[in-house]
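Dear colleague,

Please keep it open beside the text as you read.

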Amino acid sequence: MQQMIRDIAVILNATLMYTPPLLFAALGSCFSEKCGVVNIGIEGMMTIGAFVGAAAGYYTGNPWLSFLLAGVAGGLLALFHAFACITCRANQTISGTAINFLSSGVSVFVCRLLFSGNTETIPVSNKLPLFLSGLFSWCAEHLPAPLAGLFRPNGFLDNVFNTYASTYLAFLAVPIVWYVFYRTQFGLRLRAVGEYPRAADTLGIHVAGVRYICVILSGILAGLGGASLTLATVSAFRPSIVLGQGFIAMASVIFGRFRPQGAMLGCILFAFCSGLRVIVGSNTSISVNLISMIPYVATILCLVLFVGKSQIPAASGLPYEKSK
Amino acid sequence: MKKLFAALLSAAMLLSLVSCGGDTATSPAPSAPAAESESVSSTFKAAMVTDVGGINDQSYNSMSWAGMQKAHDELGIDVKYYESKTDADYEANMITAIDEGYNLIICVGYLMVDALSEIAPQYPDTKFAIIDAYVDEPNVTGINFASEQCSYLVGVLAAQMSQTGNIGLVMGGTGDAMNLFAFGYYAGALDTNPDIAIQAYNANNYADVAGGKSAALHMYANDADVVYQVAGSTGLGVIEAAKEKGLYAIGVEVDQSYLAPEAVITSALRLIDNAVLQVCQAAMEDTLEGGISMYDLSNNCVGYAETDLLSAEALSAVQDAQAKIISGEIKVPRTNDDFVAKYGAGLYTLDEALNG
């Protein structure tokens with residue numbers, strides 16, 4: 001029984017650990033997809049965010065500043081994508097792919113410049129805070145006996161929920177993005193631009209402007225996602241650290257039918273299965289290759305069984321030309 | 001506008017042609033072997049060709065180059081490296097090095113096996129060495145490391161340092177070369193404490209930091225207090241978990257205590273620089289033999305990293321074990337059959353844990 005509780009704690013903790021990078025990136029992907037710009041470059045923007053977060057964290061010692069800088073770096077990279085796709089009307093998939101190559105190259109190049117030739121940064125001394133620690137230790141001291149036991153260090157609650165601030169920020173961002181999409185004028189405009197830009201244009205909406213803002217926002221969020229890997233999950237950058245998580249995030253957006261709350265479920269499902277893999281794969285005789293498949297198979301199964309037809313924004317991937 | 005663009009484009013193409021020409025000028029086509037035998041002169045010169053990781057990879061390439069520089073300082077030989085940007089550069093770089101009169105070419109890493117098996121037979125007078133791999137030619141030496149010996153030593157340290165009698169192992173993958181680490185670690189820990197519990201996890205992935213971290217947290221939650229990682233970036237997560245829980249982790253390949261000085265108690269070292277130095281010396285003295293050469297504790301090419309966290313008791317135990325391995329008193333198992341013969345299969349399902 002105690003073993004089982006411990007295992008559940010590990011799975012839930014792993015879920016909360018895997019989710020934030022995916023979730024930030026997925027919300028970013030929502031922004032650009034919704035406004036009609038396909039952003040394959042999410043992966044690259046995460047990579048640059050991961051690097052800038054780790055490098056700035058080492059040099060400034062301030063995790064929050066570094067976290068913000070990582071968002072700025074992702075946003076700058078997204079500006080390239082926006083310029084290519086919106087102003088120059090380039091093929092969005094190709095531009096995104098180029099961003100992915102560019103960012104892995106640039107981050108390693110700059111890393112070598114800054115860290116005397118290493119492709120790995122020196123670990124940061126201050127990570128994002130575990131901001132529930134204070135609350136938990138207060139509860140453990142001040143609450144009456146049976147309740148206080150719940151909050152003791154290394155207890156169930158502490159092991160599961162006392163995670164880095166980035167986790168809570170990521171979950172907090174979901175209702176905010178939802179509110180922007182469905183309850184604000186800007187959200188209405190960005191959805192209109194993604195569905196039928198000509199109509200939006202006729203009504204006086206600046207299509208290119210809205211798309212620029214959305215793509216840059218997607219880069220900022222992806223950058224934050226990358227930084228939550230290097231400022232919370234671990235404390236240093238390596239070139240292989242993102243490795244496909246941007247694509248998983250994009251998949252979970254499709255899984256969630258391009259809605260932030262759906263994308264969140266997709267990310268949580270994938271993260272939960274990744275945590276499950278750790279428990280199932282420990283001290284077992286099941287083939288590791290089968291176990292490694294768990295998150296992917298589960299995601300595909302859910303996609304096929306429970307999620308209906310995905311509603312892609314109608315103008316997704318199409319450059320908008322005013323004069324045609 | 002279009003014309004200007006066309007002009008620019010053709011200029012760019014011309015430029016790239018010129019730069020290509022520059023490249024080929026430094027590496028003339030493989031000419032008659034006669035030219036080479038002349039270049040085997042009184043002075044011995046050694047070159048290394050990097051894999052695509054580049055010379056500053058903080059891993060195989062940079063350690064090999066450190067060995068070459070030692071060879072330059074201690075043996076007074078000319079050394080040079082050729083950096084490969086893509087897989088296609090391996091053969092070209094080897095040929096360039098041969099044409100520039102280098103007598104020993106060290107190829108860093110198994111990625112270069114195909115290129116080496118093309119080149120080695122064409123240049124029978126040049127000596128080649130390849131790290132962590134082997135090509136069956138008389139002029140090729142395979143530099144292989146006794147990873148099981150350094151893992152045995154950190155296994156001894158893990159068992160010594162564990163308060164709970166429960167330790168862990170996180171692997172990035174399996175295979176004959178990877179399993180050596182596991183056999184050695186298990187053997188070292190079991191020889192130190194026959195009752196020790198060992199948790200093993202194969203992440204099947206060298207780049208999943210969150211996976212490595214949660215695997216280690218799982219082990220720590222199940223009473224382990226020392227976890228050894230042989231898992232690339234996945235292992236970064238293991239060390240992070242140790243740091244957060246205030247428990248111990250063991251690094252691999254190089255001394256990884258810089259990642260978390262308070263958590264990494266030791267690292268299983270593979271001293272590629274020493275091996276490269278020894279290969280250079282043997283080649284210079286013309287005693288380098290073809291075939292697989294094993295670089296191990298006896299010639300100081302594997303080992304463990306000392307840190308302040310290790311207790312005096314643990315240190316004396318590991319020094320004792322090291323002496324016994326060198327003297328041959330302890331034979332560290334290298335295969336599953338050897339392991340089962342010595343430690344039994346029913347009790348420790350190592351092979352199953354690793355390979356499923």
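Which residue forms a salt bridge with Asp132(B), and how far apart are the closest N and O atoms? The partner is Arg270(B), and the closest N and O atoms of the two residues are 2.8 Å apart. Please bear in mind that this is a predicted model, so that every value below is computed from it.

Domains of chain B

The domain assignment divides chain B into domain 1, which covers 42–145, and domain 2, which is made up of 147–270 and 300–355. The centres of domain 1 and domain 2 of chain B, taken over C-alpha atoms, are separated by 31 Å. Where the two meet, four residues of domain 1 of chain B are in contact with six residues of domain 2 of chain B, and the area buried between these domains is about 520 Å², with 56% of it on carbon and sulfur atoms. On the side of domain 1 of chain B, Tyr60(B), Met63(B) and Phe145(B) supply 87% of the area buried against domain 2 of chain B, which is more than any other three residues supply.

Between domain 1 and domain 2 of chain B the count of salt bridges is one, and the count of residue pairs in polar contact, both residues being at pLDDT 80 or more, is three. Sorted by class, the side of domain 1 of chain B that touches domain 2 of chain B has three nonpolar residues, no polar residues and one charged residue.

Chain B contains 13 helices and twelve strands, and of its 356 residues 55% are buried. Among the contacts in chain B with a separation of 6 or more, 67% are between residues 24 or more positions apart.

The side chain of Glu100(B) makes a polar contact with the side chain of Lys80(B), at 2.9 Å, whereas the C-alpha atoms of Glu100(B) and Ser62(B), residues that are 38 apart in sequence, lie 22 Å from each other.

Domains of chain A

Chain A is divided into domain 1, made up of 2–129 and 164–305, and domain 2, which covers 130–163. The centres of these two domains of chain A, again taken over C-alpha atoms, are separated by 30 Å, and the contact takes twelve residues from domain 1 of chain A and nine residues from domain 2 of chain A. About 900 Å² is buried between domain 1 and domain 2 of chain A, and carbon and sulfur atoms give 70% of that area.

How many salt bridges are counted between domain 1 of chain A and domain 2 of chain A? The count is zero, although three residue pairs in polar contact are found across this interface, both residues of each pair being at pLDDT 80 or more. Helix 1 and helix 8 (165–183) of chain A each supply at least two residues of the side of domain 1 of chain A that touches domain 2 of chain A, and the largest share of that side, six residues, comes from helix 1 of chain A. By class, this side of domain 1 of chain A has ten nonpolar, two polar and no charged residues.

The interface of chain A and chain B

The contact between the chains takes 41 residues from chain A and 39 residues from chain B, and about 3200 Å² is buried between them, 49% of it on carbon and sulfur atoms. Three salt bridges are found across this interface, and the side chains of Lys127(A) and Glu244(B) also meet in a salt bridge, at 3.1 Å from N to O. The count of residue pairs in polar contact between chain A and chain B, both at pLDDT 80 or more, is 21.

On the side of chain A that touches chain B, the elements that give two or more residues are helix 1 (2–34), helix 11 (207–233), helix 13 (260–281) and helix 14 (288–305) of chain A. Helix 1 of chain A gives the largest share of this side, eight residues, and by class the side has 16 nonpolar, 18 polar and seven charged residues.

With kind regards

Conventions. Residues are numbered from 1 along each chain as its sequence is written. Chains are lettered from A and ligands numbered from 1 in the order in which they are written. Side-chain values use heavy atoms; hydrogens and water are left out. Contact means heavy atoms within 4.5 Å. Buried area is the accessible area (1.4 Å probe) that two parts lose on being put together, summed over both. A salt bridge is a side-chain nitrogen of Lys or Arg within 4 Å of a carboxyl oxygen of Asp or Glu. A polar contact is a pair of N or O atoms within 3.5 Å; within protein, one must be able to donate a hydrogen and the other to accept it, and residues adjacent in sequence count only if both atoms are side-chain atoms. Helices (H or I, at least four residues) and strands (E, at least two) are DSSP runs, numbered from the N terminus. Ala, Val, Leu, Ile, Met, Phe, Trp, Tyr, Cys and Pro count as nonpolar, Asp, Glu, Lys and Arg as charged, and the others, Gly among them, as polar. Domain bounds come from an automatic or database domain assignment. Buried means under 20% relative accessible area, exposed over 50%, partly exposed in between (1.4 Å probe, protein chains only).
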